[in-house]
Amino acid sequence: MPDIKKSVGRDRRRVAAKQPYELSYFKRKHKLTEEQARKIIKEAGNSREKANALAENVKKA
């Protein structure tokens with residue numbers, strides 16, 4: 001068992017934009033195109049909370 005607990009497990013608060021399954025999930029969840037999803041994730045950084053908020057704004061527009 002590792003001594004450094006912070007490096008273990010996943011952080012669900014972050015979006016791993018370079019992972020195809022993450023991008024696919026995000027675009028399906030918000031009914032976006034791949035281009036829209038990439039743009040939103042790039043703008044929000046890897047914060048899932050910010051990315052979800054931006055996606056909601058895109059859907060409303």
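The crossing of helices H1 and H3 is right-handed in this predicted model. Two packed helices are described by the angle between their axes and the distance between the axes. For H1 (residues 20–30) and H3 (residues 48–60), the axes come within 10 Å and cross at roughly 40°.

**Contact between H1 and H3**
- On the H1 side, the contact is made by Glu22, Tyr25, Phe26, Lys29 and His30.
- On the H3 side, these residues meet Arg48, Ala51, Asn52, Ala55, Glu56 and Lys59.

**Glu22**
- Glu22 lies in helix H1 and has a relative accessible area of 5%.
- Glu22 is therefore buried, the cut-off being under 20%.
- The side chains of Glu22 and Arg48 are joined by a polar contact of 3.1 Å.
- Leaving aside residues up to four places away in sequence, Glu22 touches Arg12, Arg14, Val15, Ala16 and Arg48.

**Lys50**
- Lys50 is placed in helix H3.
- Lys50 counts as exposed because its relative accessibility is 53%, and the cut-off for exposed is over 50%.
- Lys50 and Ile40 are 10 residues apart along the chain, and their C-alpha atoms are separated by 8.9 Å.

Methods
Residues numbered from 1 in each chain as written. Predicted model: local features only at pLDDT ≥ 70, side-chain atom pairs only at ≥ 80, totals over all residues. Heavy atoms only, no water. Axes fitted to C-alpha atoms, helices over the stretch in contact; angles between N-to-C directions. Helix = DSSP H or I, 4+ residues; strand = E, 2+ residues; numbered from the N terminus. Left-handed = near helix turned anticlockwise from the far one by under 90°. Contact = heavy atoms within 4.5 Å. Buried < 20%, exposed > 50% of the residue type's maximum accessible area, 1.4 Å probe, protein only. Polar contact = N/O pair within 3.5 Å; in protein donor to acceptor, adjacent residues only side chain to side chain.
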